[in-house]
Amino acid sequence: MDSSSTRRRATRAKLYEAAVTLIAEQGFSATTVDEIAERAGVAKGTVYYNFKSKTELFEELLRYGVGLLTASLQAAADETAERGGTRVEALDAMIRAGLVFIDRYPAFTQLYVAELWRTNRAWQSTLLVVRQQAVAVVETVLREGVESDELSRDLDIPLTAAALVGMVLVAALDWQAFQRERSLDDVHSALSLLLHGRVSGRR
């Protein structure tokens, strides 16, 4: 990768960070390009050099953020497979990877979850695509588990994958907002019990 490409990637990363923080704080409509540029420490023209509009910046922000989450989930699954772990262990590792991501990028996660509930946005189609990319990683592990008879063949794979991703997102946001005294290990342990079906106390 040449130096100009590296600089552009670094500039875009700064713009993403500035945009997600501002939009999480005050909303998309109230956030201006001038504010994004100022927070990122760049000229306003730099924003328009990289993105045609604020809407395009936000769409690319969604792609960028969910892309990082998807890569984290995939890496967790791959690492578990490489050491010979089970599919359930892979799912457990993905839960932890998701929590680590959310702990690192809380503003993006808050923004992403909020946008999932809105249906009148110009970037709705982009949101659906990137959401499916993240969920598809979990679906693959579930499907492999069913095919290897590690998981029940009655499993509804798309719904279960969505439920697992949703569980991590909602639990992590609640942790960030209301239970900051808990550690990441605490939250992971609680979700791991749910994954392993041990909430009832039966082993």
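This is a predicted model: local features need pLDDT of at least 70, side-chain atom pairs count only at pLDDT 80 or more; totals for chains, interfaces and linings use all residues.
**Exercise 1.** Work out where the buried residues of H8 lie around its axis.

*Solution.* First, list them. Ile157, Ala161, Leu164, Val165, Val168, Leu169, Ala172, Trp175 and Gln176 are buried in H8. Now look down the axis: these buried residues fall within an arc of 135 degrees, so they line one face of the helix. Recall the geometry. An α-helix has 3.6 residues a turn, so residues three or four places apart point the same way. Then check the other side of H8: Leu159, Val170, Ala177 and Phe178 are exposed there. Last, find the partners. The buried residues pack against helices H5 (87-104), H6 (106-116), H7 (124-147) and H9 (184-195).

**Exercise 2.** Decide whether Thr109 is buried or exposed, and name its contacts beyond four places in sequence.

*Solution.* Locate Thr109 first: helix H6 holds it. Its relative accessibility is 2%. The cut-off for buried is under 20%, so Thr109 counts as buried. Beyond its sequence neighbours within four places, Thr109 touches Phe101, Ile102, Leu169 and Leu173.

**Exercise 3.** Describe the helix and strand content of residues 9-69.

*Solution.* An unreviewed UniProt entry places "domain: HTH tetR-type" at these residues. Over residues 9-69 the chain is 80% helix and 0% strand. The end C-alpha atoms are 18 Å apart.

Notes: Residues are numbered from 1 along each chain as its sequence is written. Side-chain values use heavy atoms; hydrogens and water are left out. UniProt positions are given in the numbering used here, feature names are shortened, and annotations may be inferred rather than shown by experiment. Helices (H or I, at least four residues) and strands (E, at least two) are DSSP runs, numbered from the N terminus. Buried means under 20% relative accessible area, exposed over 50%, partly exposed in between (1.4 Å probe, protein chains only). The arc is that of the directions from the helix axis to the C-beta atoms. Contact means heavy atoms within 4.5 Å.
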